[in-house]
Amino acid sequence: MRVDVVTIFPDYLAPLDLSLVGKARTAGLLDLRVHDLRDWTSDRHRTVDDTPFGGGAGMVMRPDVWGRALDDLLDEGSHLLLPTPSGTRFTQRTAERLATETHLVVACGRYEGIDARVAEHYATRSGVTVSEFSLGDYVLNGGEVAALVLVEAVARLLPGVVGNPESLVEESHGAAGLLEYPVYTKPPTWAELDVPEVLLSGHHGRIARWRRDQALVRTAARRPDLLDALAPDQLDAHDRAT
Ligand SMILES: Nc1cc(-c2ccc3ccn(Cc4ccc(CN5CCCCC5)cc4)c3c2)n[nH]1
């Protein structure tokens, strides 16, 4: 998979050279390229923004500069991703879908956002998909943090990136649609707190049941919306009694 990230703060994406994503890049599983939007400016001051039509606070990023950058980077089959507070919610399902694609281009806005015609224009470009997405209901200063989240969430799903693919199956927000169960390791007692007995029993059936119950209790307490979203057949009689 190739991922191009365009930003006026390329150093913000430096953490992607580390650890998991770094390994994926070295292993040739992920071809990640970070670009400075100012490389596509044409004036001495390398201007990327201007005042908003209709008034309002702050500045807006110019469509012409973005247009030159995206014309260079987008191809047949590219998916243009635009982080924005007004986008559709980025979830694990989004990451799973994006992990099957061949080319992602992430356009990181700053100031008050990118001129709306950029998304509009490329949505009409044949062979190009455009998605505006939000990380959550809070306002960041730009799209770079969202780009870091997106690249990590997608890269770890690429075959061969995560050592133990099993650890991708039993995921929080995974197929079961429930939050994850609590995890424990040695020592068996710490700060006068014991690891739940069942986990030391070696009884795999009881352990699996205990973990599912924990996931249900946690989901009901912290994210009842996820429970409501579950299809009826996803909860068995025991679950309902929990
Ligand atoms: N999930 C999430 C993604 C982002 C995100 C993503 C991309 C950019 C680019 C710029 N910003 C900063 C920003 C965006 C919006 C406003 C308010 N808005 C401006 C236009 C007129 C109405 C009011 C203020 C500042 C971004 C923020 N934040 N949170």
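The protein chain contains 9 helices and 9 strands in what is a predicted model. Its mean pLDDT is 94, with 96% of the residues reaching 70 or more, and the model as a whole scores ipTM 0.98 and pTM 0.93. Computed along the principal axes in the computed coordinates, the C-alpha atoms of the protein chain fill a box of roughly 70 × 40 × 40 Å. Of the 242 residues of the chain, 39% count as buried. Among contacts between residues at least 6 apart in sequence, 75% join residues that are at least 24 apart.

An open sheet of 5 strands is found in the chain, arranged in the order S2-S1-S6-S5-S7 and with parallel pairing. Its edges are formed by strand S2 (31-36) and strand S7 (129-134), each of which pairs on one side only. On average, and with direction ignored, neighbouring strands of this sheet are turned by 25° against each other. Strands of a sheet in general pair through backbone hydrogen bonds, in either a parallel or an antiparallel manner. In the case of S5 and S7, which run parallel, 7 bridges join the two strands, and Leu-81 stands opposite Ser-131 in S7.

The loop that leads from helix H2 (63-73) to strand S5 (78-89) includes Asp-75. This residue has a relative accessible area of 53% and is therefore classed as exposed, the cut-off being over 50%. When the neighbours within four places in sequence are left aside, Asp-75 is in contact with Gly-127 and Val-128. Asp-75 and Val-128 are 53 residues apart along the chain, yet their C-alpha atoms are separated by 7.1 Å.

For Ser-134, a polar side-chain atom lies 3.2 Å from a nitrogen atom of the ligand. For Leu-135, by contrast, it is a backbone N or O atom that lies 2.9 Å from a ligand nitrogen atom, and a backbone N or O atom of Gly-136 is likewise placed 3.2 Å from a nitrogen atom of the ligand.

How values were computed
Residues are numbered from 1 along each chain as its sequence is written. This is a predicted model: local features need pLDDT of at least 70, side-chain atom pairs count only at pLDDT 80 or more; totals for chains, interfaces and linings use all residues. Side-chain values use heavy atoms; hydrogens and water are left out. Helices (H or I, at least four residues) and strands (E, at least two) are DSSP runs, numbered from the N terminus. Buried means under 20% relative accessible area, exposed over 50%, partly exposed in between (1.4 Å probe, protein chains only). Contact means heavy atoms within 4.5 Å. Two strands pair if DSSP finds at least two bridges between them. Axes are lines fitted to C-alpha atoms, for helices over the stretch in contact, and angles run from 0 to 180 degrees between N-to-C directions. pLDDT is the predictor's confidence in each residue, from 0 to 100. A polar contact is a pair of N or O atoms within 3.5 Å; within protein, one must be able to donate a hydrogen and the other to accept it, and residues adjacent in sequence count only if both atoms are side-chain atoms.
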